[in-house]
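Me: I would like to go through this model by question and answer. Please keep each reply brief and end it on the value or name I ask for.

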Amino acid sequence: MLDLLTDFIAELRAVGIPVSMVEGLDAMRAVGVIDVGDRQALKATLGATLVKNSRHLPAFETAFEVFFALQRRIPEGGDHQSTGEGGLRTESGPGRASGGDADLTQSVLDALLAGDLAALMEAARRAVDELAGMEPGRPVGGTYYLFRTMRRLDMDQLRSELRSDLSAGIDPDSALEKRLVDEEVESRLGRLRAEIEAEIRRRLVADRGRESVARTLRQPLAEDLDLMHSNRDDLRQLEDVIEPLTRKLAARLARRRRRRREGRLDFRRTMRRSLAAGGVPMEPIFRTPRPHRPEVMLLCDVSGSMATFARFTLQFTYAMASQFSKLRSFVFIDTVDEVTRHFGPGVDFAEAMIHIATEAEVVWLDGHSDYGNSLERFLERYRSEVTPRTTLIVTGDARNNYRPARAELLGDLSARTRATYWLNPEPRSYWDTGDSVMSRYSPYCDGVFEVRTLRQLEHFVEQIALPGSGIRPSKRAQLGLSTGR
Amino acid sequence: MEFTDPKVVASALAEADYLADERIAQVVFLADRLQKPILVEGPAGVGKTELAKSLAVISGRRLIRLQCYEGLDEAKALYEWNYKKQLLRIQSDRDHEWSKLEDDIFGEEFLLTRPLLEAIRSPEPVVLLIDEVDRVEVETEALLLEVLSDFQVSIPELGTVRASSVPMVVLTSNNTRELSEALKRRCLFLHIGYPDAEREKEILLHRIPGLPATLADQVARVVRSIRALDLKKPPSVSESIDWARTLLALAVEHVDEEAINGTLHVLLKYQADIEKTAKELELAAG
């Protein structure tokens, strides 16, 4: 058990969950006082002692399922005879005798209808036995087997039968009732899916050993997901972390602001106060510094792959809007348009991005990024509104499709702003490869940041929103000095 | 009572009208065994504070509560010298020597105990609830550390006060900011989320006597449906209890569109949320 725990802790650390030594010791002490045979108890115990952040719980669950997969919770009364023959029958192809299939589908359906967990687990075990066709040593992931089992189980039919059974006796005209039934169906099917997944994982672990399975299942935490290459599941996860992340960041900034006391001496009030002490200025009084809130202009490339990144940058920045005195947003592909009116508190960003795609005039020629032309248009239309109070943030990969970069335009803009930053979602090593012209622009920026994850984005916003940050010798950009890290 | 087993904890809590799932019971059991504080985190209104109260009830201990807020300091959390009384004491006998007097005025008599010190000095064990610990500043958190790990408080004039009995400590957090590592390390972590439909139904039945099972079932399912929407403030357990009470009081037997439409404001606290829900659930405009 001790070895197992040590390995488990090492796995948690590998996923990115910080587990301190004290916490590891706590876990070992805790395991000593519980019934180790009880899987749920063990899970609760390890969860309480090792994981101290709710965002890390999903990663913990996955690791736990893998490491303690072999400790099965065996439901009473399951018949185990199918295990032996299962392997033989599996690979008989799609056109096999339907008797077994129908029987299996029926038992899955019964278990689903009864909502009985033990029966469901047994059904899941049989389904994996008969349908997944797992081959020892074959280097495919669990998802492959899961997909295969689910497809053969005929989920659509299960869904429709479950639905018709559950909606017996309800008012067929009521949209609400229908919705509730649908949700119940999905929740039960979800449970079935989870059981099948667990069963497959158990077998994979038995076959290949836990370390290797854990490695294949390892997933980055949401704040470390790559913003540019995220799939739909990732996007949902990102959505979920944005809100807590920004809230915490705002709280942190507000606190730091309050603590700062670097205002100038308030002479009049100090003298007034000193009268109470017979003219001795016992207690100097300082002017409270007016909190500096930068005016922010966001200029986002929304072509193709940049769109997702732009969306999260916008969403993150708008969530932080209270930290800025003004926030305006512009999007461009090969020309530029202002989109500030589409955003605001309580706006659904996925929807807003669709609006932008249809309404904003960002395509001039052919819909391929043209940074040069976009900068020119931006200067033409908004030159007068860029002031020394403005912090300009450009986001994009600087892939200009071999068009003129016209970096001097950015220099012109940059000279008018308080600070200019560039966020590039590509890894630093890709910059200036192919049609990327990052190094042409970077001399005119006060900072060029690689922002591939929410964590990096958070770090960036924290830097620019702090008082005193970004104060630069305004000549620096004109002298062509780069501050790219 | 003694917590001999997680199951015993769960059933005792159930008797105190708190339906704990396996995980909660397990963590409570561990906290008792290892004598460690529990840090409970989760959205508002899922019964974090309630857990501490129920623990006090089932263990027959006194509940001492420290409500945290921004600006909470030592004088309000730990102890304070009763300086008015000290002044009076000094004035009342001027003839004594200073050295003697000094020993005198920093004695127990002049100490005002605040919740943390009180919990530690209590002769019989108590339940200490430190509510919404995420509201204090990071610096103030440090005040708690000594109490939480060693169950002692250092007072410069008196020395270290050790716990005469180990209190059971519950900290709650709404997660508005990241708590410090040092604090988290000393605690067992318990995340309480929204319950699933079945458990919510049980909670409703438990909390509201006379609620028909079918109504509880419907309420739980509608609430689950609403929580799945993307809302500013999803309905919490306490709000779904309120809602079920309202429906019961209105003698609604069957939750339909009309019933929801008329009472949605009990469940949701933002107009935007109410509108969105009405739209999503396709309730007739009301």
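Me: Is A:Gln315 buried or exposed?
Reply: This is a predicted model, and the answer rests on computed accessibility. A:Gln315 sits in helix 14 of chain A. Its relative accessibility is 11%, and the cut-off for buried is under 20%. A:Gln315 therefore counts as buried.

Me: Which residues is A:Gln315 in contact with, leaving aside its neighbours within four places in sequence?
Reply: The place of A:Gln315 is in helix 14 of chain A. With those neighbours left aside, the contacts of A:Gln315 are A:Glu239, A:Ile242 and A:Phe349.

Me: Which handedness does the β-α-β unit of strand 1, helix 14 and strand 2 of chain A have?
Reply: The two strands, strand 1 and strand 2 (residues 326–332) of chain A, pair in the parallel sense over seven bridges. Helix 14 of the unit covers residues 306–319. The β-α-β unit is right-handed.

Me: Which residue of strand 2 of chain A is the bridge partner of A:Glu295?
Reply: Strand 1 and strand 2 of chain A are paired in the parallel sense. In strand 2, the bridge partner of A:Glu295 is A:Lys326.

Me: Over how many bridges do strand 1 and strand 4 of chain A pair?
Reply: Strand 4 of chain A covers residues 390–395, and its pairing with strand 1 is parallel. One of the bridges joins A:Leu299 to A:Val394. The number of bridges between strand 1 and strand 4 is six.

Me: How many residues of strand 1 of chain A are buried?
Reply: Side chains in a regular strand alternate between the two faces of the sheet. In strand 1 of chain A, A:Glu295, A:Met297, A:Leu299 and A:Asp301 point one way, while A:Val296, A:Leu298 and A:Cys300 point the other way, and all are buried. The strand is largely enclosed by the rest of the structure, because the buried residues number seven of the seven.

Me: How far is the nearest cysteine sulfur from B:Cys187?
Reply: B:Cys187 counts as buried, at 1% relative accessibility. B:Cys187 is in no disulfide, and the nearest cysteine sulfur is that of B:Cys68. Over all chains the count of disulfides is zero.

Me: What area do chain B and chain A bury between them?
Reply: The contact takes 40 residues from chain B and 38 residues from chain A. Carbon and sulfur atoms carry 52% of the buried area. The area that the two chains bury between them is about 3300 Å².

Me: Which residues of chain B lose the most area to chain A?
Reply: Chain B and chain A bury about 3300 Å² between them. On the chain B side, three residues together give 17% of what that side buries. They are B:Leu34, B:Arg185 and B:Phe189.

Me: Where in chain A is A:Ala398, and is A:Ala398 buried or exposed?
Reply: Most residues other than glycine have a negative phi. Phi of A:Ala398 is positive, near 60°. A:Ala398 lies in the loop between strand 4 and helix 17 (407–416) of chain A. At 0% relative accessibility, A:Ala398 counts as buried.

Me: Is B:Ala251 buried or exposed?
Reply: B:Ala251 also has a positive phi, near 60°. B:Ala251 is in the loop between helix 12 (237–249) and helix 13 (257–267) of chain B. Its relative accessibility is 59%, where the cut-off for exposed is over 50%. B:Ala251 therefore counts as exposed.

Technical notes: Residues numbered from 1 in each chain as written. Chains lettered and ligands numbered in written order. Predicted model: local features only at pLDDT ≥ 70, side-chain atom pairs only at ≥ 80, totals over all residues. Heavy atoms only, no water. Disulfide = S-S within 2.5 Å. Buried < 20%, exposed > 50% of the residue type's maximum accessible area, 1.4 Å probe, protein only. Helix = DSSP H or I, 4+ residues; strand = E, 2+ residues; numbered from the N terminus. Pairing = 2+ DSSP bridges. Right-handed = clockwise from strand over helix to strand, strands pointing away. Contact = heavy atoms within 4.5 Å. Buried area = accessible area lost by both parts, 1.4 Å probe.
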